[in-house]
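Keep the viewer open and try each task before reading on.

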Amino acid sequence: MKRLLPRKLRFWLWTALFVGYSAAVAGVVVDTVGENYRRLSDVARTSTASPLEHRQLGAAQAAALYRAQSPTPFLALPPGSTFRVVWPDGSTELVRIVSQSSAHGAVPIDGSQIDALPQPGGGQAELQVVPVSAAPGGASALE
Amino acid sequence: MGPVVNVRVLIAIVVLGAGVAGLATWWPSMSPAAVPGTASGDTTDLALSIAGRERPAADGPDPTVRSRAQALAAARPLHREFEQAADLFAFRQRLQPLIAAGDADARWLSSRVDEYCAGFARDPAGFARDSALISSLQLDAARALGAARDRIGSRCGRFAPDDAPTFVQLVEQRKDAAEAGSLAAEAALLAMGAPLRDDVNYRRDLVGRVQASRDPDAFAALSPAMGVAASGDAALVDTVSGTQSSELAWQIAACDLGLDCSADGALMTQYCANGGVCARDARQDFSTFVRDAAVPPQGAEEIDRMKNALVEDAPAPPQLLGMVTG
């Protein structure tokens, strides 16, 4: 029993540690005004099924709003970085930043698209901008 | 004794973890966008300089460079009009006879107008709704972002959805301008991923021609291609290229050469309205904004070294030397 108790305690403590760490990470990557992203005009009707240009414009607009919240906007989603955008219908794709000053400054990455899962409420998916990684080398906007 | 010590260590770790979680969740200054550069494993060497906020804008262009820039700006009335015209629709109409006559600068500037106004022209009502939404969010950049969007809305107010170019149309416009002789348009095509030619010698030659031209529009147009997009490009290995700092150096060099880098200029307006990168201080020009918000002091020195290499080491074109010395 003396041995069991520390093991149980250890289990729950590690669980609590994991949850605490996850919460810390989630606090970094989950955007607090994500609800507003899908109200942006270039985002509202965009999904992975939309034409490439719409997705470029929508992703760049979402990235701009993301940077506008930052005290260090040059460092937020800089050129070369990638992020995952979840469109209002729940479909998702990776996007690479190629410019911080162009309306076409975000380019979807081929092959990263994931269709929306069925949503009970329809269109209730929250748009998130989740930084994933920085990728050296810009992508052609015509890819 | 051993298990008891382990439990204490674990408790300490959990308390620390919970503390970090609480800070990340609730501390206002740890807004999500404050971290992605590091959270995402970004390799850029840029960081916020708190000390830099107090520095005066003493790192501006030297008097010689400034006089050259002023001379060049005075010699570019169309470019000045693009930056200052209250009605860009009327300005674009005034460009049409020049475009028809094959004027390369007019074609380039027409594409600049279309690019500048595209966000408004695509959907004027949606643009207004977005502006209202953004102003309701009380963002750090709300005032500057609102001002930039208002400026675009005001200057582009007569544009309609039919006037908005697609990305492909913008590329076509710039191909026309480049083939007519606009170096800025040729540079922009490289930055847009659609160069006139795509080989090592061409890219190296184009960068050399832009630097030798001392054309501020060409410097600014080329700059995105000289940032991280150029990382690993063997053609550009001995040039100022490959990092976000080098992209900024090309842009600051453009400012020194006469580009309108004021708070109301197209460069800062597009950074802010299109990219959400807005100066909190409305009096800052682009050079000051970069030094204040993008780089620590040593990073600013590095950008200055790169900018000097671009501006001061390049030969001045004969016609500009004549204007300055004559």
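## Salt bridges and disulfides

Searching the whole structure, a predicted model, turns up 19 salt bridges over all chains. The exercises below work through some of these, then turn to the disulfides.

**Exercise 1.** Decide whether the partners of the salt bridge between B:Asp199 and B:Arg197 are buried, partly exposed or exposed.

*Solution.* 
- Step 1: Confirm the contact. The side chains of B:Asp199 and B:Arg197 meet with 3.2 Å from N to O, and the cut-off for a salt bridge is 4 Å.
- Step 2: Recall the classes. Buried means under 20% relative accessible area and exposed means over 50%, with partly exposed in between.
- Step 3: Apply them. B:Asp199 has 27%, so this residue is partly exposed. B:Arg197 has 47%, so this residue is partly exposed too.

**Exercise 2.** Find which elements of chain B are linked by the salt bridge of B:Asp233 and B:Arg203.

*Solution.* 
- Step 1: Check the distance, which is 2.8 Å from N to O.
- Step 2: Place each residue. B:Asp233 sits in the loop between α12 (216-222) and α13 (244-256), while B:Arg203 belongs to helix α11 (residues 200-213).
- Step 3: Read off the separation: the pair links distant parts of the chain, 30 residues apart.

**Exercise 3.** Work out what B:Arg291 and B:Asp304 tie together, and how accessible each of them is.

*Solution.* 
- Step 1: The closest N and O atoms of B:Arg291 and B:Asp304 are 2.3 Å apart, and the two form a salt bridge.
- Step 2: B:Arg291 lies in helix α15 (residues 286-293) and B:Asp304 in helix α16 (residues 297-311), so the bridge ties together parts of chain B that are 13 residues apart in sequence.
- Step 3: With 8% relative accessibility, B:Arg291 counts as buried. B:Asp304, at 16%, counts as buried as well.

**Exercise 4.** Characterise the disulfide of B:Cys117 and B:Cys156 by distance, handedness and location.

*Solution.* 
- Step 1: The S to S distance is 2.1 Å, and the cut-off is 2.5 Å.
- Step 2: The torsion about the S-S bond is about -70°, so this disulfide is left-handed.
- Step 3: B:Cys117 lies in helix α6 (residues 104-122), and B:Cys156 in the loop between α8 (142-155) and α9 (167-180), so parts 39 residues apart in sequence are tied together.
- Step 4: B:Cys117 counts as buried at 1% relative accessibility, and B:Cys156 counts as buried at 0%.

Technical notes:
Residues are numbered from 1 along each chain as its sequence is written. Chains are lettered from A and ligands numbered from 1 in the order in which they are written. This is a predicted model: local features need pLDDT of at least 70, side-chain atom pairs count only at pLDDT 80 or more; totals for chains, interfaces and linings use all residues. Side-chain values use heavy atoms; hydrogens and water are left out. Buried means under 20% relative accessible area, exposed over 50%, partly exposed in between (1.4 Å probe, protein chains only). Helices (H or I, at least four residues) and strands (E, at least two) are DSSP runs, numbered from the N terminus.
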